[in-house]
Amino acid sequence: MDKIRIRGGKSLVGSIPIGGAKNAALPLMAASLLTEGTLRLANIPHLADITTLANLLGTLGVEIALDGHAEGGHQGRVLALTARNISNTTAEYDLVRKMRASILVLGPLVAREGKAKVSLPGGCAIGARPVDLHLKGLEALGAKIELREGYVEALAPGGLKGARFVFPFVSVGATENLMMAATLAKGTTVLSNAAREPEIGDLARCLIAMGAKIEGIDTDTLTIHGGTKLSGTTHSILPDRIELGTFAMAAAATGGDVELIGGRTELIASAATALTQAGVTIEDTPRGVRVRRTNAPLVGVDVMTEPFPGFPTDLQAQMMALLTTAEGASMITETIFENRFMHVPELRRMGANINLHGGSAMVRGVPKLTGAPVMATDLRASVSLVIAGLVAQGETIVNRVYHLDRGYERLEAKLAACGADIERVKEAA
Ligand code: EPZ
């Protein structure tokens, strides 16, 4: 397994291109199942999760072509997906277990084919990650759901029917699954207490370009007038706000000055507010977002994760890494996932002063961190250890970097280009 070696103490200075959003690309790829036409997705990031979902869609009969020569800049690549005919409606455990978001094929499959068999994704490091809302919502749309031998079997031989569904609590994936399914359901569907993450708006805009009729985009009530046949389209994926926030925190932690090309402050508004309160200067530029530390000290701030537009849970670990060397104390409360403090023991081994109290972490700033060998456990915890390594005195080795490769494209190259002393150490297989 590859490792990443970092020698800390260098400030990040320069520019970093922000890629397409992983968490927009995944549901958008699943949306290809809703039409026989070709869905072309531009600005696709080159990430392990994207490859995993592409492989899964291939087993369902989706033809996939990758054009690595997309026009201009860091526009990434163009993925063309054509579900002309679906030869298989079963998403196998072996692929689903690698990437939980595979559950997003369930709604489109049962909506289009009237049946789907998808392995339950199982939990992951940050929590049990149940999919009960996905299933309850599809039942509301008329699907018959059975759980058998670790698989969800969904049946709707006569097609889905529009319905009203109120989410008891906000779920990004369930909102995406149901919005996609509702585009092919007969009649109108109203989803209340829907998630409002920008990735959902991006998906809705793509579905509308495919011919869907959706109202209430970016609000907590989505109205989908289903039943029209959808066609292909070309859609460019929005910038990855979590990558944007991650690099902003890395730049701030190292006392650097970095321009994040393609980003927009509005995508990370709540995180930008917390960073500003902590003493970071963050502003929009014609090309993106500039993040720097002026001579103001880094000071502790309190952070609570919430559904969008609140502080994103996917930036909690990175913010904690930043605050370990701030002056004063920070209370960080995680309200979305039940086990998203796996980075805490590793940060402590680097000298951080963090105490956990249930869903909250009390971080007391220390003058410095010291490098150490640390273990990555999940995608965002891993990158928080990289941020800590960039700041720490001495050498940090981050093990199990396959977690990082799921969500960050060429992370070490982007950081090295801004002056970080960082390299990937290939382990003999
Ligand atoms: C999406 O996961 C993201 N993944 C996650 O990013 C992100 O952390 C999360 O939304 C919250 O913003 C993708 O978009 C691929 P949820 P998702 O359904 O859809 C519980 C990353 O690092 N829940 O909003 O799975 C759930 O366990 C990943 O990029 C149920 O109980 O998140 C969690 O506690 C990590 N039943 C909470 O709700 C359900 O049916 C929010 O989950 C569904 C969810």
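Mentor: Helices here are DSSP runs of H or I with at least four residues, strands are E runs of at least two, and both are numbered from the N terminus. This is a predicted model, where local features need pLDDT of at least 70, side-chain atom pairs count only at pLDDT 80 or more, and totals for chains, interfaces and linings use all residues. Residues are numbered from 1 along each chain as its sequence is written, and side-chain values use heavy atoms, leaving out hydrogens and water.

Trainee: Where is P309 found?

Mentor: P309 is in the loop between β18 (303–304) and α10 (316–323). A cis peptide bond, with omega of about 10°, joins F308 to P309.

Trainee: And what makes N43 stand out?

Mentor: N43 isn't a glycine, yet its phi is positive, about 65°. Most residues other than glycine have a negative phi, and most peptide bonds are trans. You'll find N43 in strand β3 (residues 38–44).

Trainee: Which residues make the contact of α1 with α7?

Mentor: α1 (residues 22–30) and α7 (residues 198–209) pack at about 35°, with their axes 9 Å apart. N23, A24, P27 and L28 of α1 meet E199, D202, L203 and C206 of α7; contact means heavy atoms within 4.5 Å.

Trainee: How does that contact divide into nonpolar, polar and charged?

Mentor: Five nonpolar, one polar and two charged. Ala, Val, Leu, Ile, Met, Phe, Trp, Tyr, Cys and Pro count as nonpolar, Asp, Glu, Lys and Arg as charged, and the others, Gly among them, as polar.

Trainee: How many residues surround the ligand?

Mentor: 23 of them, with D132, S171, D314, I336 and R380 the closest; a residue is near if one of its heavy atoms lies within 4 Å. That shell holds eleven nonpolar, five polar and seven charged residues. α1, α5 (132–140), α6 (172–182) and α12 (379–391) each supply at least two of the shell's residues.

Note on methods:
Axes fitted to C-alpha atoms, helices over the stretch in contact; angles between N-to-C directions.
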